[in-house]
Amino acid sequence: MNKVILMGRLTRDPEVRYSQSATPVAVAKYGLAVRKSFAKQGESEVDFFNITAFGKIAENASKYLHKGDMVSIVGRLQTSSWDDNGTKRTSIEIIIEEQHFITIKRNSDSQDASSSSVATTSGKWPPSTMEEDDDLPF
């Protein structure tokens, strides 16, 4: 079984490209920072993950997510290896199967900078607003 479940904040805006196939497919790449729960008191330790999404998940990520937003993802690990001028390189990324918007921070004339949107898996889009603390990303 290859299953990963993470919740964290985006480290950068999703970068979307489209495949060159007959039917183009959206591919989004972004980073996710996940706080370690076992860090020493008073210290903040974080793990960083490379995330890849395809299709509708990628399109929704590019449309609604930005750096600092909190998301929950379910996916699988995928490794890639290549040779870089005689040096073997390996990369591990997470391929998303499900993505849930937890908080989305927005700055606009109609909303205070301190408010955010929250979406649950059963909620409608766009979600309702509620207050959020300003300590981004952690």
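I began with Asp47, which forms a salt bridge with Lys36, the closest N and O atoms being 3.5 Å apart (a side-chain nitrogen of Lys or Arg within 4 Å of a carboxyl oxygen of Asp or Glu). This pair links distant parts of the chain, with Asp47 in strand β4 and Lys36 in the loop between β3 and β4, 11 residues apart. Strands are DSSP runs of E, at least two residues, and helices are runs of H or I, at least four, numbered from the N terminus.

A note on the source: this is a predicted model, where local features need pLDDT of at least 70, side-chain atom pairs count only at pLDDT 80 or more, and totals for chains, interfaces and linings use all residues. Residues are numbered from 1 along each chain as its sequence is written, and side-chain values use heavy atoms, leaving out hydrogens and water.

Next I looked up Glu45, whose side chain meets that of Lys36 in a salt bridge (3.7 Å, N to O). Lys36 counts as partly exposed because its relative accessible area is 22% (buried is under 20%, exposed over 50%, partly exposed in between, with a 1.4 Å probe and protein chains only).

Then I turned to helix α1, where Lys56 and Glu59 lie 3 residues apart, about one turn of the helix. Their side chains meet in a salt bridge (3.8 Å, N to O). Lys56 is exposed at 63% relative accessibility, while Glu59 is partly exposed at 29%.

Last, I checked Asn85, in the loop between β5 and β6. Its phi is near 55 degrees, a positive value in a residue other than glycine.
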